[in-house]
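Please open the structure in the viewer and keep the sequence at hand.

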Amino acid sequence: MCQPDDERPADGEVPAEEERPRITCRTDADCAPYGADAVCAEWRGLRDCTLRCDVEDDCTPPTVVGVTVDFLTCIPDEGAPQRDACLPDEQCFADPMACITGVPGF
């Protein structure tokens with residue numbers, strides 16, 4: 001998400017959780033502007049707009065210039081366990097490079 005220069009963190013500095021840009025929501029209707037498959041899903045108590053999914057491939061973003069950055073996985077929505085949503089893949093936390101494919105040398 002774009003931020004003015006005076007609001008961006010310094011190079012190498014990770015912004016605090018409350019300062020990170022998010023598409024917050026309360027209901028699925030809040031996410032409607034983002035597309036028909038967009039839902040308001042909950043993960044670890046946080047609610048954000050994301051995509052509904054049926055299979056893992058629904059959460060895989062398109063490959064750009066031969067590189068795929070896939071930090072999401074299709075798991076149950078904690079706020080509505082009867083459906084699955086594209087939510088953070090916790091396996092990527094310990095090894096983010098394992099979730100990036102197509103980068104030369106990795």
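Which residue of β5 does C53 stand opposite? Select C53 and look across to β5: the residue there is D84. Please bear in mind throughout that this is a predicted model.

Next, select residues 46-53, strand β2, together with residues 80-88, strand β5. These two strands run antiparallel and are joined by two bridges.

Now widen the selection to the sheet. It is open and is formed by four strands in the order β1-β2-β5-β4, with antiparallel pairing. Select β1 (38-43) and β4 (72-77): each stands at an edge with a single partner strand, so one side of each has no neighbour in the sheet. On average, neighbouring strands of this sheet are turned by 55° against each other, direction ignored.

The next stop is the salt bridges, of which a search of the whole structure finds four. Select R83 and D28, whose side chains meet in one of them at 2.7 Å, N to O. R83 lies in strand β5 and D28 in the segment before β1, so the pair ties together parts that are 55 residues apart in sequence. R83 counts as buried because its relative accessibility is 16%, under the 20% limit; D28, at 31%, counts as partly exposed.

Through shared partners, salt bridges join D28, D77 and R83 into one network.

Finally, select E42 and R47, which form a salt bridge with the closest N and O atoms 3.2 Å apart. E42 counts as partly exposed at 22% relative accessibility, as does R47 at 25%.

Methods. Residues are numbered from 1 along each chain as its sequence is written. This is a predicted model: local features need pLDDT of at least 70, side-chain atom pairs count only at pLDDT 80 or more; totals for chains, interfaces and linings use all residues. Side-chain values use heavy atoms; hydrogens and water are left out. Two strands pair if DSSP finds at least two bridges between them. Axes are lines fitted to C-alpha atoms, for helices over the stretch in contact, and angles run from 0 to 180 degrees between N-to-C directions. Buried means under 20% relative accessible area, exposed over 50%, partly exposed in between (1.4 Å probe, protein chains only).
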